[in-house]
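Here are my notes on the model you sent over.

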Amino acid sequence: MNLIPGLIGIAAIAAYSYLFLHAESQGAVLGLVALAAVGVPILGRFGWIGQASRSLENNQAAGRVVIAVALAALVWLFREENFAMLMVASVLFYTVACLGLTVQFGYAGVVNFAGAAFLGVGGYTSAMLAPHLPHVLVLAIGGLLAALVGSILILPILRTRGHYAALITVAFGILFRQFVEVNDALGGPQGLQVKGMSLFGWDLNSPIGEFSFYTNYVVAGLALTALAFILVRRLERSWVGLNLDAVRLDETACAVFGIDVARWKILAFTFGNFFAGVAGAAYAMMTGFVAPNSFTFADSLIMVSIILLGGLGNAWGVALAAAIMLVLPEKLQALQEYRFLLYAVLVIVILMARPQGLIPRRSREYFS
Amino acid sequence: MILKCAGLTVRFGGLVALDRLDLVLAQGEILGLIGPNGSGKTTFFNALTGLYRAAGSAAFMEHELTAMKPQRIYGAGITRTFQRSRLALPLSVFDNIMIGNHRLLHHGLWFNLFRRNALRAELQANIEKARALVATFSKPLVERLFDPVAGLSMIDRRRIEICRALVSEPRLLLLDEPSAGMTHEETRELMDDILLVRERLAGLSIVIIEHEMNVIERVSSRCAVLNYGRKIAEGSYAEVSASREVQTAYLGTD
């Protein structure tokens, strides 16, 4: 069917992202924020956003190509700019971690306020193991260790519900930070240096030509995000995804129809922590160091905010919200401490206008 | 004999919600369970499905239900509906019915993530199955198989709940007030549809809790009456409705 509206939509998003990443002055940044705040509701009112997204859904294969081309063009345009590429790569790694949180909270209803701690487990794994093992393996071990550390929490989480389960994860997040801070083998408050990533002989820290070396991490981040995306989407559109939804919505009905609530909560929690661990391991190799202060409760809150802002359970929403939550405060640097105020107000306003998040999840379509 | 309860008792602290209930159910039989509010009817269902711990015995075929978890009781072939609908409202009609089909689906992580062609085949077969089942109850509802349940009317939700209970082809179906919130006409239609499905599922036994006496009179071959957790009468509808004790339980004494 007609691909044109989808094409225009992607082009518009790409152009906006270009302008936003490019904007230097505060005036330009605030102007762009205002443009989106006014423009998006107007486009929505005319039904153009719906038209564009339907057009992409009806042409999935072509849509994927268009999105890939738009991403490649953006990366190409910013290939020499350290700051923009660092931002994009951070968004990508956070997207992977938050996709994990989406499986936990969005699907199975297991809220996790210790997301940053699981990122941290991955990060510290990188710090310890990157000098000794191939880095693909380090990423996998980072994920597995995060899943393993998470299993400490499984019993208390299964025995509690709702706010009480949330409180357990809050406590764990704080505990993790204290633990690494007082542990000298893990560098104490100063943290540890992390070796740059090198995949199959490709050293990501040595720039290609005039490119920023962060461009390498963007490419690796894109590959990782694509993989995480495919896995999460497949999980959602399967009987497992249905079981997770059922567990979130009604545990009594689950029991009566043979659904083992504990089994699926454990699966979702482990699966999600694995993603956070892998993302944390990759992120640490990019930034080159880990310290307790990078894994605070506030960082966990940002991760939960990302999945709520994006639209709970929607993978595309996670990517969009990660971009907003991470790039916006950096772009508002000149406002200094007031930037967090503005940013918080913006998040509140978005959620007031769209309580279901930016892109609410739709009902499951399995294969479509 | 498919179900045999002997001395089945449920206590909540000092309150005896179900008091030494003896009850048998033959294969293929439809038993009506009646009694005033709070007489222990739903408690009986909750005990049979493992949601409440019960003392005494409830033998279902070769299983002893009082010692089993709800998940295993479902696996043995008992399903139910709830008095107040417990559907997953944001999920589609199909998803809700498939929750009831859990026993017959593959749930391995590897299968679901990586054997997509096999999953697709299983999915197709189950869409056909759900379609056929829903069509028995309502033709227009088939067209809305992938719509969220939240947007459907009360009677459609009731139908979906019954489909969810029937899709795994149980041996015993427990219906908890299927007529609640529906008109006489809708209830009659729903009962006809249930009887239709029952003819296809050879040997399905049903226990139905109902306040609509004409429903009980029409569908059940035998009735049991509960009051304050105890069985006060049992027999054909004509017999129990003539019983002095039953009339007292419902209307009080003068």
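This is a predicted model: local features need pLDDT of at least 70, side-chain atom pairs count only at pLDDT 80 or more; totals for chains, interfaces and linings use all residues.

1. Helix H6 (residues 115–129) of chain A passes helix H12 (residues 261–287) of chain A in a right-handed crossing. Their axes come within 6 Å and cross at roughly 50 degrees. That angle makes H6(A) oblique to H12(A).

2. What do the two helices touch each other with? On the H6(A) side, the residues include Gly115(A), Gly120(A), Gly122(A) and Gly123(A), along with Phe118(A) and Leu119(A). Across from them, H12(A) brings residues including Ala276(A), Gly277(A), Gly280(A), Ala281(A) and Tyr283(A). Sorted by class, this contact has 11 nonpolar, 9 polar and no charged residues.

3. Stepping back to chain A as a whole, you'll find 15 helices and 4 strands. The C-alpha trace spans about 55 × 50 × 40 Å along its principal axes. A compact globule with 368 residues would have a radius of gyration near 21 Å, and chain A has 20 Å, so the two agree.

4. Next, the place where the chains meet: 26 residues of chain A are in contact with 28 residues of chain B. On the chain A side, helix H9 (214–236), helix H10 (239–249) and helix H11 (251–256) each supply at least two residues. H10(A) gives the most, with 7 residues. The side of chain A that touches chain B divides into 15 nonpolar, 5 polar and 6 charged residues.

5. Over in chain B, have a look at the open sheet of 4 strands, ordered S2-S1-S4-S5 with antiparallel pairing. Strand S2 (15–25) and strand S5 (63–64) of chain B each have a single partner strand, so one side of each is left without a neighbour in the sheet. Strand S1 (residues 3–12) and strand S4 (residues 55–60) of chain B pair over 5 bridges, and Cys5(B) has Ala58(B) in S4(B) as its bridge partner. Helix H1 (residues 41–48) of chain B lies across S1, S2 and S4 of chain B, at about 70 degrees to S2(B).

6. Chain B also has an open sheet of 6 strands, in the order S6-S7-S8-S3-S9-S10, and here the pairing is mixed. Its edge strands are S6 (78–80) and S10 (230–235) of chain B, each pairing on one side only. On average, neighbouring strands of this sheet are turned by 20 degrees against each other, direction ignored.

7. S6(B) and strand S7 (residues 172–176) of chain B run in the parallel sense over 3 bridges, with Arg80(B) opposite Leu174(B) in S7(B). S9(B) and S10(B) pair in the antiparallel sense over 5 bridges, and Ala224(B) has Glu234(B) in S10(B) as its bridge partner.

8. Helix H11 (residues 244–251) of chain B lies across strand S9 (222–227) and S10 of chain B, running at about 130 degrees to S10(B).

Terms used:
Residues are numbered from 1 along each chain as its sequence is written. Chains are lettered from A and ligands numbered from 1 in the order in which they are written. Two strands pair if DSSP finds at least two bridges between them. Axes are lines fitted to C-alpha atoms, for helices over the stretch in contact, and angles run from 0 to 180 degrees between N-to-C directions. Two residues are in contact if their C-beta atoms, placed from the backbone, lie within 7 Å. Angles under 35 degrees count as roughly parallel, over 145 as roughly antiparallel, 65 to 115 as roughly perpendicular and the rest as oblique. A crossing is left-handed if the near helix is turned anticlockwise from the far one by less than a right angle, and right-handed if clockwise. Ala, Val, Leu, Ile, Met, Phe, Trp, Tyr, Cys and Pro count as nonpolar, Asp, Glu, Lys and Arg as charged, and the others, Gly among them, as polar. The radius of gyration is taken over C-alpha atoms; the globule rule is 2.2 Å times the number of residues to the power 0.38.
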